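Trainee: I would like to go through the labels used for this model and see what each one rests on.
Mentor: Ask about them one at a time, and we will set each value against its definition.

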Amino acid sequence: MATMEQCRSALDKLAENLASANGDLRSAAALDRSVSCWITDLDTTFAGRLVDSRIEDVTTEPGPPAERAQIRLAMTGDDLLALVAGELHFARAWGSGRIKLEAGLRDLLRLRKLL
């Protein structure tokens, strides 16, 4: 099972990847939205803000998200690590229910380029 530190490091890596993206990927992530990622097996939520292809102001809270973010993810810590390492394909994991993503239709249409 992934640790809290490993999950935080994976989220930092994801933020770096978004910040360094180019072209269509960068424009897809160029949103201004609240985001949350609930790590179900650790029962911890990381919450922050996706701004201009960067994830900022990340906080950690116990339990599921206290507030409803505009973009919400839920997954295990191991799935987060595998996703960021490129070992887990997001669309397949989402389709099979391993990763849950909730967002408005407009955001989903923009984010599909990242998936």
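Trainee: What share of the contacts between residues at least 6 apart in sequence join residues at least 24 apart?
Mentor: In the protein chain, that share is 59%, a contact being heavy atoms within 4.5 Å. This is a predicted model, in which local features need pLDDT of at least 70 and side-chain atom pairs count only at pLDDT 80 or more, while totals for chains, interfaces and linings use all residues. Residues are numbered from 1 along each chain as its sequence is written, and side-chain values use heavy atoms, with hydrogens and water left out.

Trainee: What makes D32 and R49 a salt bridge?
Mentor: The definition asks for a side-chain nitrogen of Lys or Arg within 4 Å of a carboxyl oxygen of Asp or Glu. The closest N and O atoms of D32 and R49 are 2.9 Å apart, so the pair qualifies. D32 lies in strand 1 (residues 32-39) and R49 in strand 2 (residues 44-51), 17 residues apart. Strands here are DSSP runs of E, at least two residues, and helices are runs of H or I, at least four residues, both numbered from the N terminus.

Trainee: What does R98 touch, leaving aside its neighbours within four places in sequence?
Mentor: R98 is in contact with A74, M75, D79, L88 and A93. Its side chain also makes a polar contact with the side chain of D79 at 2.5 Å. That term needs a pair of N or O atoms within 3.5 Å; within protein, one must be able to donate a hydrogen and the other to accept it, and residues adjacent in sequence count only if both atoms are side-chain atoms.

Trainee: Why is the pair F90 and W94 called tilted?
Mentor: Rings of Phe, Tyr and Trp (its six-membered ring) pair if their centres lie within 6.5 Å; planes under 30 degrees apart count as stacked, over 60 as edge-to-face and the rest as tilted. The centres of F90 and W94 are 6.1 Å apart and the planes stand at 40 degrees, so the pair is tilted.

Trainee: How many disulfides does the structure hold?
Mentor: The structure holds zero disulfides. The sulfur nearest to that of C7 belongs to C37, 7.8 Å away, and a disulfide needs two cysteine sulfur atoms within 2.5 Å. C7 has 0% relative accessibility and counts as buried; C37, at 5%, is buried too.

Terms used
Buried < 20%, exposed > 50% of the residue type's maximum accessible area, 1.4 Å probe, protein only.
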